[in-house]
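User: I have a model open and want to talk through how it packs. Can you take me through it?

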Amino acid sequence: MSPLQACLLFSSALFSLGLIAVLVRSNAILVLLGVELMLNAANLNFIAFWRYGPAPAEGHGVVFVVFALAVAAAEAAVGLALVIALHRHQRNVRLGEARRLRG
Amino acid sequence: MTALAAIALLTLAAAAIALALRDLIHSALLLIASWVGIAAFYLWAGAEFVAFAQVLIYVGAISMVVLFAVLLTRPPTGPATREPSGRAVPGFLAGGAVLGLLAGAVLSSPLPAGTGAAPAFGVRELGLKLLGPHAGALLATAALLTVALLGAVVLAAARGKEDAS
C-alpha cells in the first residue's frame with residue numbers, strides 16, 4: 001500500500017465517521033460536528049493529492065485547503081447560530097422535534 | 001508510515017469516541033483532540049501553514065464556539081438525551097457501505113506512487129500564490145466571511161415578538 005492510499009483510507013474512515021454521526025445522532029450540535037468531520041476529511045484528500053500528486057510545486061491543494069478552512073469557519077459560525085436560534089424557538093436542539101415547517 | 005498510522009489511529013479513535021458519547025461537553029473536548037490529530041497529519045505531509053491554520057481555526061476558534069453553543073443550549077434537566085433507536089442500524093449500515101465503497105475504490109485505483117521527498121512549497125510560495133493569481137478569490141472569501149459572521153450575529157441575537165418574555 002502506497003502512502004497516498006494510506007492517506008486516502010484515513011480520510012475515507014474519517015468521512016464515514018462523520019456520515020454515521022450525521023445519520024444517527026439527533027442533537028443538532030453533534031450533527032454539525034459530523035459535517036465538520038466530513039469537511040476535514042475532504043481537506044485531508046486535498047493535502048494528500050497535493051503531496052503525492054504530479055505537480056506539488058504548484059500548490060493547488062494547499063491553496064484550496066486554505067480557502068476551504070475559511071469557508072468552514074463561516075459555516076460553523078452560521079450553523080451554531082442556527083442551533084441557538086432553534087433552541088430559542090423550541091427549548092431544545094433535538095432535530096426530530098424541529099418540524100414547524102412541515103406541511 | 002508508522003507516524004501516519006499513529007496519527008490516523010489517534011484521530012479516528014478520538015472522533016469515534018467523541019461522536020458516540022452522551023455528554024456533549026466531552027464530545028467537544030474529544031473532537032478538539034481529533035482536530036489536533038488532523039493538524040498533525042498536515043504537519044506530517046509538509047503543509048505547515050495549513051497545520052497552523054487548522055490549529056488556530058478549529059482548535060482555537062470553532063471549539064470555543066461549539067463549547068459556548070453546548071452551554072447555551074444545554075437542557076436544564078441534565079444532558080441525558082436518549083437517541084431514537086430506529087435510526088442507528090440504517091445509519092451504521094449506510095456509513096459502513098460508504099466506507100467500503102471508498103476503500104474499495106482507493107485500493108483498486110491506479111494512483112500515482114509519489115516521490116518520497118517533501119515538496120518545496122512553503123509559506124512564501126503560498127503567499128505569492130494567494131496574493132497573485134488567487135487575489136480575487138481571497139477578497140471574495142473575506143467578503144463571504146464578513147457577511148457570514150454578521151448573519152450569525154443577527155441569527156443568534158434576534159429577538160422575535162413571540163419570545164420577548
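User: What is the angle between H1(A) and H1(B), and how far apart are the axes?
Analyst: H1(A) and H1(B) pack at an angle of about 5°, with their axes 10 Å apart. Axes here are lines fitted to C-alpha atoms, for helices over the stretch in contact, and angles run from 0 to 180 degrees between N-to-C directions. H1(A) and H1(B) are therefore roughly parallel to each other; angles under 35 degrees count as roughly parallel, over 145 as roughly antiparallel, 65 to 115 as roughly perpendicular and the rest as oblique.

User: Before we go on, what kind of model is this, and how is the numbering done?
Analyst: This is a predicted model, in which local features need pLDDT of at least 70 and side-chain atom pairs count only at pLDDT 80 or more, while totals for chains, interfaces and linings use all residues. Residues are numbered from 1 along each chain as its sequence is written, and chains are lettered from A and ligands numbered from 1 in the order in which they are written.

User: And what counts as a helix?
Analyst: Helices (H or I, at least four residues) and strands (E, at least two) are DSSP runs, numbered from the N terminus.

User: Back to the pair H1(A) and H1(B). Which residues make the contact?
Analyst: On H1(A), Pro3(A), Ala6(A), Phe10(A), Ala13(A), Leu14(A), Leu17(A) and Ala21(A). On H1(B), Leu4(B), Ala8(B), Thr11(B), Leu12(B), Ala15(B), Ala16(B) and Leu19(B). Two residues are in contact if their C-beta atoms, placed from the backbone, lie within 7 Å. By class, the contact of H1(A) with H1(B) has 13 nonpolar, one polar and no charged residues. Ala, Val, Leu, Ile, Met, Phe, Trp, Tyr, Cys and Pro count as nonpolar, Asp, Glu, Lys and Arg as charged, and the others, Gly among them, as polar.

User: How many residues of chain A and chain B are in contact?
Analyst: 63 residues of chain A are in contact with 68 residues of chain B. On the chain A side, the elements giving two or more residues are H1 (3-24), H2 (28-52) and H3. H3(A) gives the largest share, 21 residues. That side of chain A has 46 nonpolar, 13 polar and four charged residues.

User: How does H3(A) sit against H6(B)?
Analyst: H3(A) and H6(B) pack at about 10°, with their axes 8 Å apart. That makes H3(A) roughly parallel to H6(B). Residues that meet there include Phe67(A), Val71(A) and Leu82(A) from H3(A), and Leu144(B), Leu149(B) and Leu155(B) from H6(B). The contact of H3(A) with H6(B) divides into 19 nonpolar, two polar and no charged residues.

User: What is the rest of chain B made of?
Analyst: Chain B has six helices and zero strands, in the pattern α-α-α-α-α-α along the sequence. Buried residues make up 22% of its 165 residues.

User: And how do H1(B) and H2(B) pack?
Analyst: H1 (residues 2-20) and H2 (residues 24-45) of chain B pack at about 160°, with their axes 8 Å apart. That makes H1(B) roughly antiparallel to H2(B). Their crossing is left-handed, meaning that the near helix is turned anticlockwise from the far one by less than a right angle, and right-handed would be clockwise. The contact of H1(B) with H2(B) has 16 nonpolar, four polar and no charged residues.

User: What comes after H2(B)?
Analyst: H2(B) is followed by Gly46(B), whose phi is positive, near 95°.

User: Over to H2(A). Does its length agree with what you'd expect, or what span should it have?
Analyst: At 1.5 Å a residue, the 25 residues of H2(A) should span 36 Å, and its end C-alpha atoms are 37 Å apart, which agrees. The expected span is 1.5 Å times one less than the number of residues. 20 of the 25 residues of H2(A) are buried, so H2(A) is largely enclosed by the rest of the structure.

User: Last one: what is the phi of Arg91(A)?
Analyst: Arg91(A) has a positive phi of about 65° although it is not a glycine. Most residues other than glycine have a negative phi. Arg91(A) lies in the segment after H3 (60-90) of chain A, and with 12 C-beta neighbours inside 10 Å it counts as exposed.
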